Amino acid sequence: MTAREPIDKQQAWRALSQHADAMREVHLKDLFQERDGRHERYTRRAAGMMLDLSKQRWREETLDMLLDLARAADVPAAIGRLLSGERVNRSEDRPALHTALRLPADARLEVDGEDVVPGVHRTLDHMATMVAKFHAGQWRGATGRAITDVVNLGVGGSDLGPLMVTHALADYRPRDMHPVEVHFASTMDGSQLADYLTRLNPETTLFVISSKSFTTIDTLSNARTARDWLFSHLADGDDVDGLVMRQHFIGVSASPEKMSEWGIADNNQLEFWEWVGGRYSLWGAIGLPIALAVGMENFQALLAGAHAMDRHFATAELADNLPVLLALAGIWNVNFLDIRAHSILPYDGRLEYFASYLEQLEMESNGKSVTNDGRSIDYSTCPVLWGQLGPNAQHAFYQLLHQGTQPVECDFIAPIRRYDRVEDEATRKHLKAQHRLTLANCFAQSRVLMLGDDAIEDDGPRPSHKRYRGNQPSTTLLLDRLTPETLGALVALYEHKVFVQATIWDINPFDQWGVELGKKIATQTEQILTTHEGVESLDDSSRGLIETVWRESEY
C-alpha cells in the first residue's frame, strides 16, 4: 500500500478547518432553534440500537464535509480491506480478523489461500464441548468433585472483555444447569488472586490461563501461584500433579507449544490466532469465561449481534453507517473543535465495566503519534477516554462536565426496556419505575450539557457560581434491550468506530508498541531488585527508589 498525502494537507481537512472557525462559537441551543426535526435528521438505527447525534455541535454542511473527509481517506475501501482479511496491521504484517470470529459456519473467508472459518468453528465447537461438560457437572477435579468455580487469569484484552461481558449479561446465566461461578484475576501483585485463594475450594476450582503469547508475566506469575496452591492443598499420590494439571487448568493462547511446556493438557488447549489482537479477542476462545457464565447459546447470540453490526458496517452508505457517523463525530470534536476528552456514561448497572473496556479498546488502539508510513503526526489522535456508570458519575465528576473549564464529549448509553423478565408483578412494577427514573436522569443530563441554564425557566438571573454554560456535545445510544445480541452489536460498533478514526488519522489501530518498552525495562529492573547488581547505571530517582526498597524490605 503506497503512502498517501497527509490527511491534514488535503482539501477536505482544510475545508473543515475553515468551517470550524465559523462553528466554534455557535451554541447547541441555537442549532436546535434553526430548524425543527433535528433529532430525526441526526438519528440512525441498526442492529437493535438507535444512535442520536443531534446534540453534536454540527450542521448538515458539517456532516457533509466530514463525509467528504472520510471519502478522502478512502474509508469505504479500508472497510473492505479489513473485512476481507487484507494485512491491515501493517507494522506486524498481518490481517486483523476479529470479525472472522463471529462469521457463521456457512461463511467463507480466504486468507493467504486458506479458508479461516472452519478453524474458527472447530474452536467454538471445542469450547461448546467444554462448556457442556461444566454445566452438566461432569468436569471434575483431581479428587472427583465437580468444578464449581473457574478463575480466569489474564490481563488487558484477555481480562477486560470477558469481565465486561459476563457482568453485562448476568441476567442470562443458565438457571437449570450445574452452577459454575466465574471469577477474574489480572493484577500482577496477586491481590485479586490471593483473595480468591482464601475463599475457594481447591478441589472444585479450575483456572483458565489466557495469554496470546503465553509469556505475559502478569498472567504467568498468577498461574504459578495458582498451580502451587493446588499442588499444596490436594492429597499426595501417584501422578497427582499430572491429574491436577489435567483437571484444574485450561489454556487459551496462540502458542500451543508454550502451553504444552507449561503443562496444559492438549485437550485443554483452545486456539487463538495471531491475526486477532488481544483487545479484539473476546469473540473467540478468550470468551470461554463468557460462555461458562451465560451458556454457549447466549455466547453464540453475542457473536450474531456483532456480526449483524459487521454486515451493517460493510453495506450501509457512509451517511447512514453507525460506526462511521460515530467516528466522524469524534473526529469533528477532537480535530476541529479541540475537544480532547471523552466520557462514556452508561445508564445501566450491568454496563459497569463498559467504560474500562473502551479505555483499552480506544486508547491502546489509537493512542499513536506516527502515521502508517512513519511520519510524525502534528494533529490530535485519540482523546483521553474515561467513564463510569452515569448515575454514580452524577455524584462524582459531572461537576466538571457542567461547570469546569475542560470541554468534554460524552456518550450516554441506556436500554429502552428493562425488567420485562421479572416474574413477580409488584417487584417488576417497582423496578420499572426505577428504570424510568434512570432514563429521566440520562436524558436530563444530556439536555443540561447541551442547553445549560436554558434547560429550565427560572425566576431571575443566577449568580455566576450557579451558571451552566451548556454547549457540551454528546451522543445518545439507546438499545432496544440489553441482550446478548445488542451487546455484541454495541461492542462491534465501537470496534469499527476505532477503525474508521484510525483510517482517517492514517495510524495502525492493531499494534501496541507503546507498551513494549515498559515491559522490557520492568524485566531489567526486577533483575536489579533481585541481584542487587547494576543499580549504579540507573538515573538518580530510580536508584533512590530501589535503594529505599532494599533498606526497608526483605528485597
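**Entry 1: Lys519 and the annotated residues**

I started with Lys519, which is found in helix H20 (residues 516-531); helices here are DSSP runs of H or I with at least four residues, strands are E runs of at least two, and both are numbered from the N terminus. Before going on, I noted that this is a predicted model, where local features need pLDDT of at least 70, side-chain atom pairs count only at pLDDT 80 or more, and totals for chains, interfaces and linings use all residues. Residues are numbered from 1 along each chain as its sequence is written, and side-chain values use heavy atoms, with hydrogens and water left out.

The terms I use are buried for under 20% relative accessible area, exposed for over 50%, and partly exposed in between, with a 1.4 Å probe and protein chains only.

I then looked up the UniProt annotation "active site", which comes from an unreviewed entry and covers Glu364, His395 and Lys519. UniProt positions are given in the numbering used here, feature names are shortened, and annotations may be inferred rather than shown by experiment. These residues span 156 residues in sequence, and the farthest two C-alpha atoms are 36.5 Å apart, so they do not all gather at one spot. Of the annotated residues, the lining of the largest pocket includes Glu364 and Lys519. For the record, the search ran on a 1 Å grid over the protein atoms alone: a pocket is an open set of points with protein on both sides within 12 Å along at least five of seven lines, a cavity is a set of points where a 1.4 Å probe fits but cannot get out, and lining residues have an atom within 4 Å of a point.

I went to His395 next, in the loop between helix H16 (390-393) and helix H17 (398-403). His395 counts as exposed, at 72% relative accessibility.

**Entry 2: H4 against H14**

Two packed helices are described by the angle between their axes and the distance between the axes. I looked up helix H4 (residues 60-72) and helix H14 (residues 322-336), which pack at an angle of about 100 degrees with their axes 10 Å apart. Axes are lines fitted to C-alpha atoms, for helices over the stretch in contact, and angles run from 0 to 180 degrees between N-to-C directions. H4 and H14 are therefore roughly perpendicular to each other; that word covers 65 to 115 degrees, while under 35 counts as roughly parallel, over 145 as roughly antiparallel and the rest as oblique.

Which residues meet? From H4 I listed Thr62, Leu63, Leu66, Leu67, Leu69 and Ala70, and from H14 Leu325, Leu328, Ile331, Trp332 and Phe336. By class, this contact of H4 with H14 has 10 nonpolar, 1 polar and no charged residues. Ala, Val, Leu, Ile, Met, Phe, Trp, Tyr, Cys and Pro count as nonpolar, Asp, Glu, Lys and Arg as charged, and the others, Gly among them, as polar.

I picked out Leu63 in H4, which counts as buried at 8% relative accessibility. Leaving aside neighbours within four places in sequence, Leu63 is in contact (heavy atoms within 4.5 Å) with Tyr42, Trp58 and Leu325.

**Entry 3: positive phi**

I checked two residues for backbone angles. Asp112 is not a glycine, yet has a positive phi of about 55 degrees. Asp112 sits in the loop between strand E3 (110-111) and strand E4 (114-115), and counts as exposed at 63% relative accessibility.

Asn471 also has a positive phi, near 65 degrees, in a residue other than glycine. The loop that holds Asn471 runs between helix H18 (425-451) and strand E13 (474-479). Asn471 is buried, with a relative accessible area of 13%.

**Entry 4: a few more stops**

Thr483 lies in the loop between E13 and helix H19 (484-505). At 14% relative accessibility, I logged Thr483 as buried. Beyond four places in sequence, Thr483 is in contact with Leu169 and Tyr172.

Ala502 is found in helix H19 and counts as buried at 1% relative accessibility. Sequence neighbours within four places aside, I found Ala502 in contact with Asn366, Ile507 and Pro509.

My last stop was Asn201, in the loop between helix H8 (191-199) and strand E7 (205-210). Asn201 is partly exposed, with a relative accessible area of 26%, and touches Arg145 and Trp229, not counting residues up to four places away in sequence.
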